[in-house]
Amino acid sequence: MEHLADKIQDYIEGQLQGEELQEFETHMEQDTDFRNLVLLQTEVHDIINKRLNSNESDLRESLFHAETEYRYPKQTLFQRIKPIVTIASAACVLLFGYLFFFNNNTALYELPTMQSEIVRGQESNDQYEEAVRLYNQKSYADSRTILNNLINKEPEVIQYQYYAALTYLGEENYNEAKVKLNPIANGESIFKDEAKYYLAVSLEKLGSKEEAVVLLKTIPNQGELGRKAQKLLDKLN
Amino acid sequence: MHLDQIYIQYLKDNNSTGIQLIYNKFSKQIVTLIQQNNGSEDDGYDIFQESLVDIYHMAHQKDFQLTTSFSSFLKLVCKRKWLNALKKNQRMPVTNLEQSVLYVEDESNKAWDEMLETVNRENIVMSLLDTLGESCQQIIKRCMQEKHQEKIAESMGITYAYLRKKKSECMATLVRKVKESGLF
């Protein structure tokens, strides 16, 4: 069931074929819960697809202008945005309060699990999967050796660099972790916020608390990472 | 087709002059309505704006036709939205309000109710999407909007396999949240 659950998105996108597709559809016929899950994910997928292509943001912009024009015809920009700032500040206070009181158990210094790449229809990258296995069992130096090989072959793949940098953190080599995480945190890849967080952890461990605080404040507050960053920030303050 | 269909068209076309007209003509009555039902002026404008967005989405559904005045329809949408907001925030007992807010005038309201329910479900999914971490949001949104996933992976500094795996994981998290919302 679990390996099939991993394939739901591929099924929705029409990427399953042959035996895999047959196995998936047979399971759907036999298992009502699984079928319902597939149907729900399909509905969610379709909704997002529809909404993202609806040009809603353009409409919102026009609505915002029309409202501003109607409500504050002669006011300055500051006067116009003041209520928004007040509401946003209140929302931030509430959010931070919630995060502080209800999410107290996150392990702030724990490294993330290294994500396997094994997916349907793709040949697995054996070297990478070995690095995943070693990293997740905390054999950081061995994992790093493989990751460095991969970095040499594909220097543009930030994913390898990110996990290689984390291996230093796993070894509590904070200086090296800082050096390796810094360019990722300042880059534009999807790892930039995670890199900022672990760079902040390294900085804290190295005694640069103020630098860590500055960095943590730049992490968006959504999701698990946002909550962790806020919690670490609270701790450092 | 009702003459007021023009206001729907203004929204569909994102016609800024038409949208300004809608604000000038209808916003005050809605804001007053919300204020009379335990809301503030800002609540009124928020409900007005969000309702116009809902109408925009409804208008894109197949066969959408306005069969009454825009004012009545807008009021129905705003009342329903405000009722949901009150229920969510538990700002006042809604039993009595519900009667005045949601009474059904004719059969067409029934169809609108269904459309509004659909739009509400969509709104919930989109707001839950915004609660995911930034990388998950980025992956889901880009994969839905751009055709070449290999290129997305490349621009994100990850392998194609990692992108697919991560997208699967992010969608599963979102679906779990949707399920927990109890509305699906």
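Let me start with one helix, H5 of chain A, where Leu59(A), Leu63(A), Ala66(A) and Glu67(A) are buried. Buried here means that 20 or more other C-beta atoms lie within 10 Å of the residue's own; exposed means 12 or fewer, partly exposed is in between, and the C-beta atoms are placed from the backbone. Seen down the axis of H5(A), the buried residues fall within an arc of 100 degrees, so they line one face of the helix. That arc is taken from the directions from the helix axis to the C-beta atoms.

Before I go on, some ground rules. This is a predicted model, in which local features need pLDDT of at least 70 and side-chain atom pairs count only at pLDDT 80 or more, while totals for chains, interfaces and linings use all residues. Residues are numbered from 1 along each chain as its sequence is written, and chains are lettered from A and ligands numbered from 1 in the order in which they are written. Helices (H or I, at least four residues) and strands (E, at least two) are DSSP runs, numbered from the N terminus.

Back to H5(A). Its face turned away from the buried side carries the exposed residues Ser57(A), Asp58(A), Glu61(A) and Phe64(A). What covers the buried residues? The cover includes helix H1 (5–12), H2 and helix H3 (41–59), which belong to chain B. As for its length, the 16 residues of H5(A) should span 22 Å at 1.5 Å a residue, and the end C-alpha atoms are 22 Å apart, which agrees. The expected span is 1.5 Å times one less than the number of residues.

That brings us to the interface. In all, 46 residues of chain A are in contact with 51 residues of chain B. Contact means that the C-beta atoms of two residues, placed from the backbone, lie within 7 Å. On the chain A side, the elements giving two or more residues are H4, helix H5 (56–71), helix H9 (158–170) and helix H13 (223–236). H5(A) gives the largest share, 12 residues. By type, the chain A side divides into 18 nonpolar, 16 polar and 12 charged residues. For that count, Ala, Val, Leu, Ile, Met, Phe, Trp, Tyr, Cys and Pro are nonpolar, Asp, Glu, Lys and Arg are charged, and the others, Gly among them, are polar.

Gln20(B) touches Ala66(A) and Glu69(A), not counting residues up to four places away in sequence. Gln20(B) is partly exposed, because 18 other C-beta atoms lie within 10 Å.

Chain B itself has 9 helices and 0 strands. Of its 184 residues, 35% count as buried. Among its contacts with a separation of 6 or more, 59% join residues 24 or more positions apart.

Now the cores. A nonpolar core is a set of buried Ala, Val, Leu, Ile, Met, Phe, Trp, Tyr and Cys residues joined through C-beta atoms within 7 Å. In the largest one, of 63 residues, Tyr198(A) and Ala200(A) touch the most other members. H9(A) gives the most to this core, 9 residues. Leaving aside neighbours within four places in sequence, Tyr198(A) is in contact with Leu166(A), Leu169(A), Ala177(A) and Leu181(A). A second, separate core of 31 residues includes Ile30(B), Ile55(B), Leu76(B) and Leu116(B).

Ala177(A) and Leu181(A) are among the buried residues of helix H10 (residues 174–185) of chain A. The cover over the buried residues of H10(A) includes H9 and helix H11 (192–205) of chain A.

Two loop residues come next. Most residues other than glycine have a negative phi. Glu172(A), in the loop between H9 and H10 of chain A, has a positive phi near 60 degrees. Glu172(A) is exposed, because 11 other C-beta atoms lie within 10 Å. Asn38(B), in the loop between H2 and H3 of chain B, has a positive phi of about 75 degrees. Asn38(B) is partly exposed, with 13 other C-beta atoms within 10 Å.

Last, confidence. pLDDT is the predictor's confidence in each residue, from 0 to 100. Chain A has a mean of 86, and 84% of its residues reach 70 or more. Where in chain A is confidence lowest, and where highest? The lowest is helix H6 (residues 77–102), at a mean of 61, and the highest is helix H4 (residues 32–52), at 95. Over residues 100–105 of chain A, pLDDT stays under 50, and the model has 3 contacts beyond four places in sequence for them.
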